[in-house]
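Hello,

Please find the structure below. My notes on it follow.

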Amino acid sequence: MTYTWYTGVQWQPLNGHPLLVLHVTCRPTPRQGLFLGHGHIYQTTRKHSGKVAGVTVIRMWAATCKFHSRHHLQNSWKRILQIQGFFCQPRIEQISGCQSKRFFHGQPRRLLSQDIPPITMAVREDILNIFNSAIESVLPRQMVERVVSLSEDGCSLTVNNEKFLLKKNVYVVGFGKAVSGMARAIDDLLHDHIIKGIISIPVGSSEHLTMKGKSDLLVGENSKIEVHEGAEQNLPDEAAVRASLAIRDLVSDLTEEDVLIVLISGGGSALLTAPCPPITLRDMITVTRMLSTAGATIFELNTIRKNLELLKGGKLLEMALPAKVISLVLSDVVGDQLDMIASGPTQPNFSSAEECLKIIEKYDLGNKVPTSIIEFIQKKVESGVRPAVPSDTWPGTTSIIGSNDFATTIACSKAAELGYFPFLMGNSLEGEANTVGQMFGKLAKFISLSFTSQPNNSRVKALQAELIGKFDVPKSTLSSISSLISKAFSAGHGICLVSGGETVVNVKGTGTGGRAQQMVLSTAVQLNEFSFTNCHVEFLSGATDGMDGSSDAAGAVVNPDFIKQAQLMGLDPELYLNNNDSSNLFKAVDKGSSLVVTGLTGTNVMDIQIMIVTSV
Ligand SMILES: Nc1ncnc2c1ncn2[C@@H]1O[C@H](COP(=O)(O)OP(=O)(O)O)[C@@H](O)[C@H]1O
Ligand SMILES: O=C(O)[C@H](O)COP(=O)(O)O
């Protein structure tokens, strides 16, 4: 549908207040009130419309008393028009009192993405740049090289200050989304000592990494490490089970002379799957899907997995003994809890069967989870078997080679390099994606208000109280952000807030999306409820593995105009949000320009959120 062209803006008095009247020609005629409710525009009615040369002219009224300079006036109108989906380059010839003047010149036309003024495009470019730098910083190869070193004579390996004698006695196994690159790094380093290896990586990884020119994240053709691909949609499947059983057979035959290197990253839970009979693969798929869409955390899901499978919860390591076992782990869980990453196949299992039952009850899944699983857990409870209490002497050497922490630190450095004042909000962002999204929206409002108001302003105080009381934002975080705002904005710089973590989504709808996109859409809805006249806000949330939930995007990025753009297309963002269909909304608006698409990145350190706020 073709909508509107502007024709001109006039400066007129109304009730003693100066007003701007924007004449917009529309085809077809918009519904009454279509433009109501944003920024300074407070009235558009048919009364103010008319036909000029066969097209409808809408006069939009806007209070201008808040404009404090010619520059401000120009920018505000530019933004208002952009929000409505138009491009204009306002030029003010003259403002004198309240006399009628034309401000806009040139042939009006529809807004095109290249028309978005430099500030918006630059900020969008910067935020994507920051996200990509964060991902690049945790590519597995450099992470492995940071912690593993080979002696000059090539006869010993050092990890965590521990030395391992090498004499063609190295075996490698691995499972997870980042394991391909980790295996390549190990292969390059220890090639001559490796006897055999098996890795289980996501379906399509090799093809995708090759296509992206990242073949340095793939094991070479002459490698002794076999590559298995499986776990379509991050769920266990037959291919993953075959790879897992091959891994089990490999580690079961090792002797004390051998060194087993276990490469572990997020996604390993699905890629290393061997259910304890009589539980079937189908049962595991069902319970995994049920728990993750019910909003269970990865801690809860993996507690269940550890207790239902043959290799998780330390059992892979037990099978590999007496070999020397080195686990290299790229963390994808909040707090880097080792026994939870990929369900801890080389770590002690602290959980019990009773806990599993509690989790199933918590999500009211007692009658839905396959009976084989319930019976299996109940038998464990009745037998009174407790997991071996782990002692300090739990065998093996483990090193966390990288985590979200690392990626967000690099994101902050990149932001600083691009001229923003960065602030790291932390790496343990958890909770429901919608709620966290609202929190970011409110935070943007808090920043906008703090920028122009006194700290004791009642709206600032109310928002502060809400952020602390309802959204659990620490008071100290808000104080730090407040002082950052005044420092940055007075120096003419924007601020960049960075956080990391993993939220949950209780998927009730039938749409396509993921945690990151659900959060961004929720933020966008919040941003739309406020008029950001003094600053520009850009918010991104993305999965570092490049795949957000059931979608093929890594995440999304929006500014306060996004919802208006969707509404102009006749789309209802709330419907998409409630149907967990964020991805399809992002796809539909402005040719999907809000989607962050990376493809499989070859790494995985949870999700990252970035919010840039600049003054205008
Ligand atoms: N349509 C959807 N909208 C929002 N979230 C979804 C949707 N479908 C699945 N999810 C969420 O995506 C998560 C799984 O996504 P995934 O990217 O595979 O996570 P991870 O890589 O951490 O395992 C689950 O928490 C699930 O609730
Ligand atoms: O990244 C993932 O796929 C999820 O966070 C699951 O990770 P896990 O394999 O460590 O359980």
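**Ligand sites**

Ligand 1 is surrounded by 19 residues, the closest being N234, V505, G513, G549 and N580. A residue is near a molecule if its C-beta atom, placed from the backbone, lies within 6 Å of it. Helix 8 (281–293) and helix 17 (515–527) are the elements that give two or more residues to this shell. Helices are DSSP runs of H or I, at least four residues long, numbered from the N terminus. By class, the shell around ligand 1 has 5 nonpolar, 11 polar and 3 charged residues. Ala, Val, Leu, Ile, Met, Phe, Trp, Tyr, Cys and Pro count as nonpolar, Asp, Glu, Lys and Arg as charged, and the others, Gly among them, as polar.

Ligand 2 is surrounded by 13 residues, and the closest are G266, G267, G268, S269 and A342. Here helix 7 (268–271) and helix 9 (298–308) are the elements giving two or more residues. The shell around ligand 2 has 3 nonpolar, 8 polar and 2 charged residues.

**Source and confidence**

This is a predicted model: local features need pLDDT of at least 70, side-chain atom pairs count only at pLDDT 80 or more, and totals for chains, interfaces and linings use all residues. Residues are numbered from 1 along each chain as its sequence is written, while chains are lettered from A and ligands numbered from 1 in the order in which they are written.

The protein has a mean pLDDT (the predictor's confidence in each residue, from 0 to 100) of 84, and 80% of its residues reach 70 or more. Over residues 1–70 the pLDDT is below 50. Over residues 80–117 the pLDDT is also below 50. The model scores are ipTM 0.97 and pTM 0.81.

**Helix packing**

Helix 14 (residues 433–452) packs on helix 17 at about 40 degrees, with the axes 7 Å apart. Axes are lines fitted to C-alpha atoms over the stretch in contact, and angles run from 0 to 180 degrees between N-to-C directions. Helix 14 is therefore oblique to helix 17. Oblique is what remains after under 35 degrees (roughly parallel), over 145 (roughly antiparallel) and 65 to 115 (roughly perpendicular). The contact (C-beta atoms, placed from the backbone, within 7 Å) includes F440 of helix 14 and M519 of helix 17. By class, this contact has 8 nonpolar, 8 polar and 2 charged residues.

Helix 9 and helix 11 (residues 353–362) pack at about 135 degrees, with axes 9 Å apart. That makes helix 9 oblique to helix 11.

Best wishes

Methods
Contact = placed C-beta atoms within 7 Å.
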